[in-house]
Amino acid sequence: NKESSSSRGALIVLEGLDRCGKTSQSGRLYKYLDEQGHSVESWRFPDRNTGVGQMISSYLANKSQLDDHAIHLLFSANRWEKRSLMEEKLKSGTTLIVDRYSYSGVAFSSAKGLDIEWCKAPEIGLLAPDLVVYLDISPEKAAERGGYGDERYEQLEFQKKVAGSYLSLRDSSWKVIDATLLIEDVEKKLREVVLDCMMTCHKGKPMSQLWP
Ligand code: 2DT
């Protein structure tokens with residue numbers, strides 16, 4: 001049941017704190033949709049494979065230092081360099097499951113104290129997701145999950161600020177899923193909202209741009 005080339009794919013974004021399960025849920029969702037015969041790709045931001053992505057990667061590993069505004073703009077540039085490919089894929093009927101997007105950009109930078117409107121500005125004109133799924137977990141619970149790694153933002157105090165920033169970004173188009181449920185239950189809920197969204201896009205919902 002491959003979609004006809006005349007109907008577009010959906011832009012699905014998964015957001016949430018570190019250790020909320022985004023990456024494993026993206027993987028499971030991708031596998032499911034692929035097995036069902038959908039045209040689907042799994043993406044993530046930052047995309048560390050580009051030149052800009054390598055600068056970001058080195059910053060996150062604490063191997064380089066950058067001004068908060070500068071790194072914010074690099075994260076945004078990293079999305080801009082993928083924008084045309086993203087549009088092409090969606091138009092050709094491929095659904096994209098994206099692990100983090102502009103919301104991570106704004107949530108993490110504003111958690112450092114940058115002005116939220118300033119943070120949102122470079123994202124204007126990127127493709128707006130058809131669905132944002134927020135995998136909801138408290139910073140404390142997330143920290144209990146096998147601990148954080150060594151990357152720059154993986155600390156409880158900072159994650160608490162990020163959680164607050166995410167909260168102020170949430171709007172009615174977000175679907176919030178309790179990330180502390182069993183992994184299979186999260187997966188099931190995720191599939192439901194995603195299939196529903198894909199259907200809407202398939203039926204001709206127009207693409208839009210940030211910020212809606
Ligand atoms: P991963 O651990 O998921 O690779 O993320 N981040 C991410 C930002 O600060 N701004 C952004 O625009 C994006 C996409 C979140 C690496 C870290 O980078 C943060 C965690």
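Because the model is predicted, local features need pLDDT of at least 70 and side-chain atom pairs count only at pLDDT 80 or more, while totals for chains, interfaces and linings use all residues. Residues are numbered from 1 along each chain as its sequence is written.

**Figure 1. The overall fold of the chain.** The chain contains 8 helices and 5 strands, where helices (H or I, at least four residues) and strands (E, at least two) are DSSP runs numbered from the N terminus. Their order along the sequence is β-α-β-α-α-β-α-α-β-α-α-β-α. The C-alpha trace spans about 45 × 35 × 30 Å along its principal axes. Of the 212 residues, 35% are buried; a residue is buried if 20 or more other C-beta atoms lie within 10 Å of its own, exposed if 12 or fewer, and partly exposed in between, with C-beta atoms placed from the backbone.

**Figure 2. Strand E4 and its two partners.** Strand E1 (residues 11–15) pairs with E4 in the parallel sense over 4 bridges; two strands pair if DSSP finds at least two bridges between them. In this pairing, glutamate 15 stands opposite tyrosine 134. E4 also pairs with strand E5 (residues 174–178), in the parallel sense over 5 bridges, and here valine 133 stands opposite lysine 175.

**Figure 3. The covered helix H4.** In helix H4, 9 of the 10 residues are buried, including Tyr103, Val106 and Phe108. These buried residues pack against E1, helix H3 (68–91), helix H5 (116–120), E4 and helix H7 (156–169); two residues are in contact if their C-beta atoms, placed from the backbone, lie within 7 Å. Glycine 113 follows H4 and has a positive phi near 110°.

**Figure 4. The shell around the ligand.** The ligand is surrounded by Phe45, Pro46, Leu60, Phe75, Arg100, Ser104, Gly105, Phe108 and Tyr153; a residue is near a molecule if its C-beta atom, placed from the backbone, lies within 6 Å of it. Helix H4 (residues 102–111) supplies the largest share of this shell, 3 residues. The shell divides into 6 nonpolar, 2 polar and 1 charged residues. In this division, Ala, Val, Leu, Ile, Met, Phe, Trp, Tyr, Cys and Pro count as nonpolar, Asp, Glu, Lys and Arg as charged, and the others, Gly among them, as polar.

Figure 5. Most residues other than glycine have a negative phi, and most peptide bonds are trans. The peptide bond from phenylalanine 45 to proline 46 is cis, with omega near 0°, and proline 46 belongs to the loop between strand E2 (40–44) and helix H2 (51–60). Arginine 100, in the loop between strand E3 (95–99) and H4, has a positive phi near 75°. Arginine 100 counts as buried, because 22 C-beta neighbours lie inside 10 Å. Asparagine 62, in the loop between H2 and H3, has a positive phi of about 65°. Asparagine 62 is exposed, with 10 other C-beta atoms within 10 Å.
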